[in-house]
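Welcome, and thanks for taking a look at this one with me.

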Amino acid sequence: NDLTGRVSFAEMAYLVWRGELPPEPHARMLDAILVNQCEHAFSPSSAACRFVTSGGVPLHVGVAGGLLALGSLHGTADRPAALFKEALARMDREGLTLEETARRVAGEARREGRRLPGYHHAQHIVDPRTARLLELADAYGVAGRHVAMARAIEAATEEFWGRRIYLNGPGAVGAICMDMGFDLDLIKGVYLLSRIVGLVAHTYEEMHRERGWRASTNAPIVQPLDLELQKPEFYDGPPERTLPPERTPVPAPGAGGGGGAGR
């Protein structure tokens, strides 16, 4: 009861996970991550929860179906976090520079035909979520060695792929959470907590808007993984709006102004 009404949900999650209330920059950054990753239209997890729900199950079962689709190729913030952690350990162990380490990591992945977890996105060339997360990590003073390594590896990909392989949203989350001191399993938990918001919405809509048997050709939308379905001819939700003027940007710590998750 002492916490209720006095700390944000992001601060409470941090406290329960790590045993202490977060520093103000960490509270703001965690809150930003939870907002940033909570919904991504039609992805494997949202498609999974919709297909499960179309069989006539309750909301929690549909949401669970979506969570089960978060594996090594989707919702992978923990895997890039492990990549950055090992790269930094290698840099220290072998006495390399940041750029030398990034080139070795990128070059070895390319030669061996391996994916770089946290880079590229099946539905984007440049993941639009990444720049905003990194901007805030810089502004809040959270970005550290892991974010620097993530950026260096991205830059190094051009030499070995002939084009830049961009850091994606979960990759940015992995780097930022590592710089905030989260371990790998908790980083997966951060992603799960965030995305469950969107999965509840997809499951609820499937229960109340669709006819069931999602794969049936009688349904108006048969293929749920295409971002084309965000086009106006398919979307019939609330119209596009701008934030009210009073919703001004939250200032970075030390930039003046009041409010914020840590106050």
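1. Leaving aside neighbours within four places in sequence, Ala143 is in contact with Ala137, Asp138 and Asp179. Please keep in mind, here and below, that this is a predicted model.

2. Where does Ala143 lie in the chain? You will find Ala143 in the loop between α7, which covers 128–139, and α8, which covers 145–161. Ala143 counts as partly exposed because its relative accessibility is 30%, and partly exposed is the class between under 20% (buried) and over 50% (exposed).

3. Now for the chain as a whole. Of the contacts between residues at least 6 apart in sequence, 77% join residues at least 24 apart.

4. How much of the chain is buried? Buried residues account for 43% of the 263 residues. The chain exposes about 14300 Å², and carbon and sulfur atoms supply 55% of that area.

5. Two backbone angles deserve a second look. Most residues other than glycine have a negative phi. Ala41, however, has a positive phi near 50° and is not a glycine. Ala41 is placed in the loop between α2 (24–36) and α3 (44–53). Is Ala41 buried or exposed? Ala41 is buried, because its relative accessible area is 14% and buried means under 20%.

6. The other angle belongs to His120, whose phi is positive at about 70° although His120 is not a glycine. His120 is also a loop residue, found between α6 (98–112) and α7. With a relative accessibility of 41%, His120 counts as partly exposed, whereas Ala41 is buried. When you go through the model, I would be glad to hear how these two loops look to you.

Key:
Residues are numbered from 1 along each chain as its sequence is written. This is a predicted model: local features need pLDDT of at least 70, side-chain atom pairs count only at pLDDT 80 or more; totals for chains, interfaces and linings use all residues. Side-chain values use heavy atoms; hydrogens and water are left out. Helices (H or I, at least four residues) and strands (E, at least two) are DSSP runs, numbered from the N terminus. Buried means under 20% relative accessible area, exposed over 50%, partly exposed in between (1.4 Å probe, protein chains only). Contact means heavy atoms within 4.5 Å. Accessible areas come from the Shrake-Rupley method with a 1.4 Å probe; for residues, only the protein chains shown count as cover.
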